[in-house]
Amino acid sequence: MTSLDDFARRKLAALDAADTRRRLTETFRDGAVTAIRAGRQLISFCCNDYLNMTRHPAVMRAAQAAIGTYGAGAAASRLVTGNHPLYPLFEARLARFKGTEAAIVFGSGYLANISIVPALVGAGDLVLVDELAHSCLMAGARLSGAAQRSFRHNDLEHLGDLLDSERASHGHCLILTDRVFSMDGDLAPVPEMAALARDHDAWLMTDDAHGAGLLPHPDPADVPLQMGTLSKSFGSYGGYLCASAALVELLHSRARAFVYTTGLPPASVAAAAAALDLIEADPAWCARPLANARLFARTLGLPVPDSQILPIIIGDSASTLDLSGRLLERGFLVTAIRPPTVPPGTARLRFTFTAAHEPDQVLALAAAVKDVLAS
């Protein structure tokens, strides 16, 4: 194994030289917005648990009850013996929530995207994807075997030009975009993209991982393929697609990570269903993450954010890591996001705001950020 270990060490040394090596840090999330590292309690502003459902008593009780009734795991692919009764109930609820005919749940959002795209397009087809779309959308496009073209971020003119020049020479055309971009927090111009899709007989699919439960749903007539995750606003784990009944039926036979992967554990499905109940019952709670992000931005004189995600771009990785460390010293957990997650030269502090953050915590964070940026 010497050559393999040497290979790994050389790669690790290169990552160290570029300040892009990732390291796991043990973290215990002991509260809605707090976490313990190395014995210190910190206020976390880097978590995607936007509605604080992971520790909500009703969500945890639902997960515990599901384990007691159905066991800890699904035991097989849903097409074999793993389709426990919670699945159809939750998928029907999720479809109603999104205003579609049907829904299908996957093991994760990443698995969903690398399965959905190849199930719909292939050789001779065309995929057009926003250049800043999530990695799993890019991976799904590559796995499909379709021709893949990237359009400039949120650039409708460029998307239109690609449709005009390439659509006619391909069979089917699929347009892929995040709805809320996870590293920048900005929104895709979905209605305008939908109009372009209709004009060119293309299918629009949005990854709504960071928008579901927080933003109004797109019109299913505009977005026939609404993908999302259960690991953020829903506080659980898994991925899904909301679409027509015929499309979901097709995916039962063609989506490889559905056909060949063990189904989600009952606890994950039950937890997500309980979170959905809470989301539908309390729109005011769902509005709080964006309000907190805007309070932070207003305090620092930053542009008004479109979502609960707000980056401050620093540039180089070393400086970003240093700033993250100095915020940690002040009691705030804010992750440094570095290439290749973001383009070279755009390393950033990525702040995420949740419903449970109190205004005084947001203001204290803003004061700390102002201090470390000035020093």
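Residues are numbered from 1 along each chain as its sequence is written. Because the model is predicted, local features need pLDDT of at least 70 and side-chain atom pairs count only at pLDDT 80 or more, whereas totals for chains, interfaces and linings use all residues, and side-chain values use heavy atoms, with hydrogens and water left out.

Helix α10 covers residues 266–281, and its 16 residues reach 23 Å from the first C-alpha to the last, close to the 22 Å expected at 1.5 Å a residue, a span calculated as 1.5 Å times one less than the number of residues. Since 12 of these 16 residues are buried, α10 is largely enclosed by the rest of the structure; among the buried residues are P266, V269, L276 and I279.

The chain as a whole contains 13 helices and 13 strands, these being DSSP runs numbered from the N terminus (helices H or I, at least four residues; strands E, at least two). Its radius of gyration of 21 Å, taken over C-alpha atoms, is close to the 21 Å that the globule rule (2.2 Å times the number of residues to the power 0.38) gives for 375 residues, so the chain is as compact as a globular protein of that length. Of the 375 residues, 53% count as buried, and 68% of the contacts between residues at least 6 apart in sequence join residues at least 24 apart.

Definitions and conventions. Buried means under 20% relative accessible area, exposed over 50%, partly exposed in between (1.4 Å probe, protein chains only). Contact means heavy atoms within 4.5 Å.
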